[in-house]
Amino acid sequence: MTTQPTDPGKRTAITSAADIDLNDWDFWGRPDEEREHAFRLLRDLDKPAFFPEPEFSLGGITGPGYHALVRHADILEASRNPEVFCSGDGGATNIPDLPAEFAEYFGSMINMDDPRHARLRRIVSRAFTPKMIKQFESDVDAAASRIVDELLETGPGCDFVTEVAARLPLKIICDMMGIPEKDYRFVFDRSNIVLGATDPEYVSERADIAHALLTAGMELQQLVQDLAALRMETPTDDLTSSLVNANIDGERLTAQELGSFFILLVVAGNETTRNAISHGMRLLTVNPEQRRLWLEDFEGRAPRAIEEIVRLAAPVNYMRRKVTRDHEMNGNLYRKGEKVLLYYWAANRDERVFDDPLRFDIRRDPNPHVGFGGPGPHFCLGAHLARREITAMFRELLRRVPQIEAGEPERLLSSFINGIKHMTCEF
Ligand code: HEM
């Protein structure tokens with residue numbers, strides 16, 4: 001069986017919340033307007049909708065199903081309360097529990113609770129403070145400038161995703177880790193499989209998804225472990241060297257921890273930022289008055305514009321939590337062992353919090369979006385870096401190709417990542 005979605009003409013219309021099945025792959029192939037309508041219906045329910053476990057699993061134990069948290073207030077509260085809504089015990093990045101063999105590659109800190117999570121986060125977070133990111137600023141700016149040089153050489157009609165949006169985050173993460181340029185393509189292809197496995201462009205048969213994920217995980221791990229062996233002998237100033245050699249506090253990562261952390265960085269840092277840039281380009285294309293506003297004062301308006309892009313792009317659609325004990329939250333009961341899905345994309349459109357939520361407004365203030373996650377121990381470690389990269393990319397684009405426009409996006413078929421696979425650009 002392939003994962004091809006139903007012909008859009010044959011889909012039934014969603015008229016009430018009862019028509020919505022978030023486990024149906026077809027739902028995720030629907031256009032944005034239908035998705036927006038569906039999540040509005042879910043937000044208006046008296047209590048979060050409950051869905052059974054999806055039929056598709058990677059072979060792990062299936063559970064009792066999940067509550068779809070779609071309101072901003074629920075996501076904030078669940079994120080703040082990791083003792084009740086935990087990220088470990090099966091993982092935060094998947095609905096069915098992750099089978100043991102996957103944990104080797106995909107079991108990094110995003111899928112852990114404190115104290116294990118806190119230890120790993122402490123070791124790696126030194127690389128992500130605003131001060132450290134500042135040191136990277138000139139590298140990020142130079143890389144964005146080179147990408148635009150090459151875009152101008154390639155000329156209009158090319159794929160904005162592969163020629164522009166994907167390249168900056170890929171280069172920055174590889175540079176941070178010390179991965180040489182010859183391996184960029186290898187990393188790019190594997191990260192597409194890890195986050196795009198449900199799309200037939202990356203894995204054509206659904207039955208092959210588990211194997212494809214494990215192979216991609218193993219290959220990425222091998223790449224960084226080979227590098228780590230070199231850096232243990234001869235350290236350089238890259239992140240791999242500092243993670244495998246005891247730092248000032250005497251802490252270091254084991255080979256397995258380094259492998260799964262690298263996979264987390266590659267997937268968390270690449271696809272997300274790539275999709276924010278692609279969605280941002282599309283938003284500026286369909287909202288020319290916002291582009292004009294931004295061009296009037298790029299630096300002054302950039303901080304709010306970036307938050308607004310991340311709000312509407314919401315590249316990570318959801319994260320999962322498991323309920324550790326019976327608990328009442330915002331008037332609803334959650335039972336031990338059930339799962340909740342924190343739908344950031346939906347919370348970022350919650351009309352209880354955002355005025356005219358579907359409007360792209362680069363001056364929006366306040367903008368308490370949850371695109372980088374809610375307040376809590378797992379809040380995105382790469383948020384400063386991502387903001388920096390998105391700003392650098394739009395600074396170069398709007399300065400040197402101010403008239404650039406994006407075509408219709410070709411969407412990734414995924415319930416987890418709000419992705420754009422391809423999108424032409426004209427200028
Ligand atoms: C626009 C770009 C990005 C978005 C939308 C995004 C979104 C997120 C979200 C939603 C989470 C999970 C929060 C939770 O479970 O509560 C997360 C965690 C994480 N992100 Fe990002 N991210 C982005 C860029 C990056 C970058 C550039 C990096 C690194 C290079 C990165 C590294 C991480 C890591 C390591 C975690 C796990 C943190 C933990 O478990 O403590 N992200 N991100």
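Hi everyone, let me start at A314, which sits in the loop between α13 (298-313) and β4. Helices here are DSSP runs of H or I with at least four residues, strands are E runs of at least two, and both are numbered from the N terminus. Before I go on, this is a predicted model, where local features need pLDDT of at least 70, side-chain atom pairs count only at pLDDT 80 or more, and totals for chains, interfaces and linings use all residues. Residues are numbered from 1 along each chain as its sequence is written, and side-chain values use heavy atoms, with hydrogens and water left out.

Back to A314. Its phi is near 35 degrees, a positive value in a residue other than glycine. Most residues other than glycine have a negative phi, and most peptide bonds are trans. Is A314 buried or exposed? A314 is buried, at 0% relative accessible area; buried means under 20%, exposed over 50%, and partly exposed in between, using a 1.4 Å probe and protein chains only.

N330 also has a positive phi, near 45 degrees. This residue is in the loop between β5 (327-329) and β6 (332-334), and with 41% relative accessibility N330 is partly exposed.

Now the cis peptides. One joins D114 and P115, with omega about 5 degrees, and P115 belongs to the loop between α3 (100-106) and α4 (116-125). Another runs from D365 to P366, with omega near 0 degrees; P366 is in the loop between α14 and α15.

Which residue gives the iron atom of the ligand its only protein donor? That is C380, through SG at 2.3 Å, and C380 lies between α14 (344-347) and α15 (383-400). Donors are N, O and S atoms within 2.8 Å of the metal (3.2 Å for Na, K and Ca), and water is not among the atoms, so the site may look incomplete.

Finally, the sheet. Five strands form an open sheet in the order β1-β2-β7-β4-β3, with mixed pairing; strands pair if DSSP finds at least two bridges between them. At the edges are β1 (50-51) and β3 (85-86), each pairing on one side only. Helix α2 (residues 72-80) packs on this sheet and touches β2 (66-69), β3 and β7 (339-343), where contact means heavy atoms within 4.5 Å. The direction of α2 makes about 120 degrees with that of β7; axes are lines fitted to C-alpha atoms, for helices over the stretch in contact, and angles run from 0 to 180 degrees between N-to-C directions. Two bridges join β3 to the antiparallel β4 (residues 318-323), and C86 has K322 as its bridge partner in β4. Thanks, everyone!
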